[in-house]
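Here's a quick briefing to read alongside the model.

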Amino acid sequence: MRRIINLIIVASIVLSYIVFPSVSQAYDESNYQQLAESRYNVLSSLKIYEGNYSVSSGITRIDVVKSLIKIVDKVSYAYAYDGYDFNITDIGEADKKDIEVAIKKGFIRIPSDGKFYPDAYADYDFVSYALVAMTGYIFDLDNNQYKSHAASLGLSDNLRPDSGNNFSAADFVIMLDNFLNSKYIVVDYQHNVSYTTSSDTVLEGMFGIRKAEWRLVANSYTDLNGTNTVANNNLVFRDKYNYLYTNLQCDYDYDETLMGRQLEVYYDIEDEKILYMQPKRLNDCIIEIIGNSIVDFDYKTRKLSYNVLTSGDRWNQKFDIKTKKVPAEMDIIFNGQFTLEHDYVYRVLNGEEDLNISRVYLYDIDGDSDPDMMRVDAYTDYQVKSINKEDGKKSILDSLSGNRITINDGNNDVLSIKNSNGDNIKFEDIKKDDVVSVFKGLGSVNYTKLVVSDRTETEYLKEMRIDNNKYTFGTEDYVYGISQGSVSNTANISLGKAYKLYIDAFGLVVNYEISDTIYDSIAAVVKLYIQDDGDNTLSARLFTASGNFVSYDFADKWYVDGSLATFDGDAWMYTSAKKGKVKVADMLKKEVFQFELNSKGKIRNIYLPSEQSENTKLSYTMGMLNTQNIINEPNNNKMWYKRNGNYFIPSGSGTSKMNFIVLNANAKVITIPSASVVDDRETFFKVNDGQLTNDYEAAAIGYSFSPDSTTSDLVVIFADGSSDISHSPYYVVTDVNTGLNKDDTAVMMLSLMKNDGSVSTFYGEDTEIIECNPETGNKVNDSVEVNVGDVVKIALNPAGEVNAVAKCYDSKNKTGTMLNPTYWYTGERFVYGSVYDLDNRSVAYVTGSEINPYTDFRNNLHLVGLTAQQAVIVKPGRKNKQIVEYGTIDSVIGYKESQEIYSRMALAGGYGEVSLLVFYLNE
């Protein structure tokens, strides 16, 4: 039964002044913050205090009062004296009630100057007065006797010697915990109101919570004696007299490493439920050893040898080998279960079993500084191909071995599943390619724990080596251990390449594959800026070749082509082998570059494109002879893309050094703004999806990251920021309308068909769009008249809206910019046609006297330098409206018409590829 304490607290007006606490127990500075944290964990778990507990910061007087008022609200105080007449002028309305209650209950004094100073830091005198008053020792409040009584109650135990002068939030937490474990006054009203000291603590009396110091020896899946009789959530504890407590339930997810250790156990007296548990001593774990550090285990001497890093950086590490002898008679917990199979555990420690060791712990249970218990956590890794759950049975298909691994056979096995953050997850949450670390115990109950990791890292491998008879992967900043029995073949590893590593929750590589994300490490600058952090840290927003916008800070030390970057007070600089001192910003903003991150995710290395090809390093392809001209003057150094060969060829360049780009089959094409673009740069970055249009004209540079640099892995197109009509393919207008854009504004809407038959819809900037010359881009009219069947080019603004239209052929008036019209005729099929050459790079003529449906049309209508099987076809429709279709040339051959009405054909292209072929058929 919970006991409700009736306290008589009499307020006394005493002037506050700073005093030193009576420290009744020794103070250990090295453990002080850890001690405060452990006390806070108790208080917060019991919902008593959830504020600040830092040793480096104070706690305000009002925060102390609010914390104590929460405790007051948990109990019923009798004889709270009303009728005080006080007027405190420096507290807000929100805090007024708390201050009034605190004064009425007597644990703060009425200030003589009418001010409480709520935001001033509380001192030891203020807190000790309040806590002594709350225990009910009203006789000790007068004449400052409360200070000596605070020590006798243990309120000042473990406080820092300087807490009287510099009281911290950590000091308050420790005093509050001491208060909960102190005695209090019990009032007897039946015999002329007498006062006696309680037999229990404040924690027991006020909250109905008891604190015990016991050893946890059993739960539902393990028992110190090897038998399992505990049901459900019950726990079994043993006290120092070997008495067992078997009826306590624990419903919260406690730390499984508490098993076997001496604990502070907090439980509800009435409900007999565990509320919180933590180690009795902060230093009961003598040694914690990471599995990769273990060298060996000697059976005869029972000495465990392990490495301890003494000095050195990533590339020059130095270790000392230390040993620890384990006693012959000791308790051993293997994967969460007590076991008597000590020889098996010793084989695991010596590397004789195909298991990864996560951690080894040695505990001092009885406080004599020698190990009494060892905990070993060891596991097997699997990479998930699929999971299966049927009839209560759970299994994993391992993609490494191809074997199906039974996790749970449905016979009331105990199964725990957590992610790498320690959160409980469901079996169904496990995904393909996740790494599952399986811990299996050795107890009479089948206990299995799964820890699931979805961690992957893309790293450039610098080295492979053997540490403690185990292979490791070395990168620029980190060394990865390799999981036992998981990575089947390390012989295929090529140093210097980027690999995608699949890593378990404990940092071991389980599988690897050649990375296809090298494009993620190639980028162009969107924005560079220097942080105002005292170190002038450079930060960057980048656009990667894979099409993502990313942001990174640069590391404390970073390099450009191996040259250390330095800050000269104004800008970041590096030394170029060819140009000397160069501003980093000026160089990086020109084109793409490659970068590497350190283990903290900051840019450590920048690699500019090289003239020499090297595996995994960005270089220019062999056809790039004047890259600087392209970068500096993109408008004067353009090329044509030719679809039939998947290459770029020169286009009117004014230099003797011509560029040529051949794309490989998997090449990526991206667009970035040239240096001339200042405003709204981010809108110009894009990935060019799909194949480029034939005769697409652009300033472009080809890059490679393989030893064979004859073909390009990446092509970068430099946009000059203008709405250049030359970037547009030829379109045939299929529909003209007025529609609403994304801002619900009425604008001109054009549906346009390309030479491949695909139709796209474009929105204009307004209901009227200017007309420009298709060759020069100069303005012709303020408003363009567009009709179905017209051949046009369009210019887009950075938002993708049409801001200019160039009419290459006016289908209504049969006029346009076409050159060299050629007239031709045959017999009775498709007669009296006119061929319009749109770009002066093709000629059409006819041989033969007749074309019939059985004749190969292309053998009779010769389009010099062009080949085509399909075309855009414009036909007359109802009410003089034209219809635009896409069909085969065979359908044109059979079209009959009068000899008095000419049909027309518009074409463009050259070099073996058609850019546009349109037939206009008349009735």
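Buried here means under 20% relative accessible area, exposed means over 50%, and partly exposed is in between (1.4 Å probe, protein chains only). This is a predicted model, where local features need pLDDT of at least 70, side-chain atom pairs count only at pLDDT 80 or more, and totals for chains, interfaces and linings use all residues. Residues are numbered from 1 along each chain as its sequence is written, and side-chain values use heavy atoms, with hydrogens and water left out.

**Ser704**
- Ser704 sits in strand E41 (residues 697-704); strands are DSSP runs of E, at least two residues, and helices are runs of H or I, at least four, numbered from the N terminus.
- Ser704 counts as buried because its relative accessibility is 0%.
- Its side chain makes a polar contact with the Asp713 side chain at 3.3 Å.
- Leaving out residues up to four places away in sequence, Ser704 touches residues including Lys617, Leu618, Thr711 and Asp713 (contact means heavy atoms within 4.5 Å).

**Helix H1**
- The 14 residues of H1 (residues 32-45) should span 20 Å at 1.5 Å a residue, and the end C-alpha atoms are 20 Å apart, so the two agree.
- Among the buried residues of H1 are Tyr32, Arg39 and Leu43.
- The buried residues of H1 pack against helix H6 (169-180) and strands E3 (209-218), E6 (262-268) and E7 (273-279).

**Confidence**
- pLDDT, the predictor's confidence in each residue from 0 to 100, averages 81 for the protein, and 79% of residues score at least 70.
- It stays under 50 over residues 1-20, and also over residues 76-83.

Technical notes
Expected span 1.5 Å × (residues − 1). Polar contact = N/O pair within 3.5 Å; in protein donor to acceptor, adjacent residues only side chain to side chain.
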